Each structure stands twice: as C-alpha cells, then as structure tokens.
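Subject: Structure for your review

Dear colleague,

Please find below the structure that I am handing over to you. My notes on what was found in it follow directly after.

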Amino acid sequence: MTKTVLVSGASVAGPSAAFWLHHHGYSVTVVEAAPALRPGGQAVDFRGEQMKLIDAMGLTEELRKYETAMGDQLLLNAEGKPIVTVPSSFASGELEILRGDLARILYDRTRDYTEYVFGDRVTSLTETADGVEVTFRHGAPRRFDLVVGADGVHSGVRTAAFGAEARFRKDLGYHVAAFSAPNHLGLDHSGLIFNEPGRGAMVYSGRDGDTVTVILYFRGDPRGYGRPDPERQKEIVADVFAGASWEMQRLLSALDDAPDLYFDTIGQISLDTWSKGRVVLLGDAAWCAGPGGSGTGLAMMGAQILAGELAAADGDHVAAFEKYEQRLRKPAHLGHKNGAGSGGFLVPENEKKLRSRNRMYRMLTGPVFSKVFDYMSTRAANAVQYREYTGKVAG
C-alpha cells in the first residue's frame, strides 16, 4: 500500500513537498490553519541552482507569467530624494514572484492528487510502531506513516514533536509588517527604500500597477509583541511610525483596509536535529534564517531532497532523514549567517549607522563591488546543488 504522509502548511514548502512526495509514490494530505490560501505577501526570488529546481518542476513558464519583472529601486534620503540606484539584480535575482502567487501556482499544480484541508491544525502527535496518530483542532483523529512540519516559524508540528518555540527561537531585535496599498506614487515595476533611525520602508509595485507592496522594518519592544490580533498589529505599526516623514503617513492610511497584513518578530530557528521518529521539519519550521537567508529557495530545495532521499532509501525514514539533514545543514547555516546581520542593514538604529549603511549601498551597487555582491548572492543560492532522484517508494 502506498505510504501516507501528512504535511502541515500550505504556503510554499508544504505544496513543494506534496509535489515531490507524489512524484516518488506517496499519498499526501496537506493541512493548513488558514481558511484559504493567503494572497499577496512579500516578493521571493530564485537564482542559480534554484532555477534548475524550478525547471525540473515544470514551473518556469508559469512563474514567468506572474513574475514581478522589477526594475531598479531608489534609495531615498531623509527628504525623500534619491541618493543611490539599486539595480534589480541586487534584490530580485533571476526570477522574482510574490509569495502569494507562488503558493497559488504550487497549489494548483498539486491539488488534483493532494488532499488539502484548510481551516484546521495539528494539536498532538503520538508515534506508534508503524505510524503517527494525529489529532486536529477540528477534524477527526487520523493515522499517517510520516508527518512533515512545513508550517513556518511558528510551527505547530515542531511544538507538538519537539517542544515550545521559545526553546529554538532567537529573536534578532527587529519586527516586520507588510501590506498592500494604493499606488499613489506611480511606481511602475520599480521600488523605493526609505529609512529613519530605527524604522524604514520598502515600497514597490510589480505586476499590478494599481497597488504597491509596503514592507516596514522597525525596532520595537525588545521583548517582542507576542502574537497580537490584527487590530493590535495595526496599532503597533501606527505607534512606531507616528511622525515618520516622506510619504509614510499616506501609505499608512491604507493599513485599516489592507486585506493582507503580515506582522511578526524577525527571528531565527535552530534545532540540533530536524527529525524525531517519523516526524520531520522542513523550511522555516526547521531553519528559519530571517531576511537574506534564501529561505524560499532553500525550502523548495529541501522538499525535493526530503522526498528524493525517502525514495532512495525505499521509505526507510531514519536513513532518509539523516541524509536529508546532511545535505542541508551547511546551506542552512550559511543562511543563518547571512540573516543574522540583516536587521542592522535594514534598520540602522541611529543617524551615524544610517549614513554608514547608505555608503555601503553605494559601494555594493558600484561597478566593482556589485560583482562581489552578485557572487555572494549566487553562492548562497548555489549552496545546494540540484540533484535528480529517481524511483518510487515501494508499495
């Protein structure tokens, strides 16, 4: 009988796992806490070896239809005047797409052979001799051969199998909020970067010229804000950016009606092992690195490796999980190194550090250092070489 796998999380890592697990002969159920796919979200990009993965999944043509096709971005000074042009390759890679569009494409590609359950979540996991007994907040208990936690930095599977999030999470002292707003700035496949000490914004418009994506980074309560409800999230953002100059107040006026507000503390997840018995973690649930950590591409690579190693081991999950970790530990560590310093770059805490950061932008985008940056960003994307796996798990 075909082995059954429960995957928790229907953003990017989860449907990617469903794609590759099905490819190797598994029957997959994906459970997602949200009532439906989440729209919008930040842009994610792919480079180098990650493009080989996209090609292997047969997604390149479809993703190209929805890519942001971003051009240059302008770094602004305190008066809102451009001081540095940031070329598209700096942030957008070879292919860039909104996370919501990517999630929808992956869902559409996998839904015919994957059971998707929205509006529910895992509440407990009990391993038996031949499987995992799973209970859910709403649905009836079920048994699966394996469980994959691809449910992000606040993973419920990780909590159920490994323990409380606080044991594995390191906050970096920064916060992020993102939402859609009307494009009153007239941006056309372009973006703007604005900072004041302790707070900043990236505003860009890609495929949809009527709207912009607003990403706010800021230093807030060093203890974090917990997981506030949406109304409290809006209050926090309004308080932090009260009095901010440039176009910030007009952008923030769209916050009340934004359908896609995202709000969280920026942190990293570190575990000594990503598996426990028949339960394994994938993507941010296992190794969240924070901004600049190549998270989406590495999660999708991880899904292909996880499923491929299971097939190569003919379903021996112990051997497969070990090889899966062996291939991904170093790349995940590199992502952590890149992500650890991102907060200070995105949100300089005082005027002196802001000026220093702006000088760094000038150097990185200059004719000499731009080549160094391209090498570094491609090196991170190429930390995992794409490798084809053949075969199906024995029934």
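Predicted model: local features only at pLDDT ≥ 70, side-chain atom pairs only at ≥ 80, totals over all residues.

A residue is called buried if its relative accessible area is under 20%.

**Strand E14 and its two partners**

Which way do the residues of E14 point, and are they buried or exposed? Arg199, Ala201, Val203 and Ser205 point to one side of the strand, while Gly200, Met202 and Tyr204 point to the other, and all of them are buried. Strand E14, which spans residues 199-205, is accordingly described as mostly covered, with seven of its seven residues buried.

E14 has a partner in strand E13 (residues 190-196), and the two run antiparallel, joined by seven bridges. Within this pairing, Gly191 has Tyr204 of E14 as its bridge partner. E13 and E14 form a hairpin with two residues between the strands, and in this hairpin Gly198 adopts a positive phi near 85°.

E14 also pairs with E15, again in an antiparallel arrangement, here through six bridges. These two strands make a hairpin as well, with five residues between them. Gly200 is found opposite Tyr217 of E15.

Thr213 belongs to strand E15, which covers residues 211-218. Its relative accessible area is 10%, so Thr213 is buried. With neighbours within four places in sequence left aside, the contacts of Thr213 are Gly41, Leu98, Phe179, Met202, Val203 and Tyr204.

The bridge partner of Val5 in E11 is Leu146.

A second open sheet has three strands, ordered E8-E9-E10, with antiparallel pairing. Strand E8 (122-127) and strand E10 (142-144) are the edge strands here, and each pairs on one side only. From one strand to the next, the twist averages 30°. E8 and strand E9 (residues 132-136) run antiparallel and share five bridges, with Leu125 standing opposite Val134 of E9.

**Aromatic rings and charges**

How many aromatic pairs does a search of the whole structure find? The search returns 10 aromatic pairs. One of them involves Trp274 and Trp287, whose ring centres are 4.8 Å apart and whose planes meet at 50°, so this pair is classed as tilted. Trp274 is located in the loop between strand E16 (262-269) and E17, whereas Trp287 is in helix H9 (residues 284-287), so the pair ties together parts that are 13 residues apart in sequence. Trp274 counts as buried because its relative accessibility is 1%. Trp287 likewise counts as buried, at 4% relative accessibility.

Tyr107, Tyr116 and Phe118 are linked by ring pairs into a cluster.

Two arginines are placed over aromatic rings. Arg104 lies over the face of Tyr66, 4.6 Å from the ring centre. The charged end of Arg357 sits over the ring of Phe345, at 5.8 Å from its centre.

**The chain as a whole**

The secondary structure of the protein chain amounts to 14 helices and 18 strands. A compact globule of 395 residues would have a radius of gyration near 21 Å, and the value for this chain, 21 Å, agrees with that. Along the principal axes, its C-alpha atoms fill a box of roughly 65 × 45 × 35 Å. Of the 395 residues, 52% count as buried. Among contacts in the chain with a separation of 6 or more, 72% are between residues 24 or more positions apart.

Yours sincerely

Methods:
Residues numbered from 1 in each chain as written. Heavy atoms only, no water. Helix = DSSP H or I, 4+ residues; strand = E, 2+ residues; numbered from the N terminus. Buried < 20%, exposed > 50% of the residue type's maximum accessible area, 1.4 Å probe, protein only. Contact = heavy atoms within 4.5 Å. Pairing = 2+ DSSP bridges. Axes fitted to C-alpha atoms, helices over the stretch in contact; angles between N-to-C directions. Phe/Tyr/Trp six-rings, centres within 6.5 Å; stacked < 30°, edge-to-face > 60°. Lys NZ or Arg CZ within 6 Å of the ring centre and 35° of its normal. Rg over C-alpha atoms; globule rule 2.2 N^0.38 Å.
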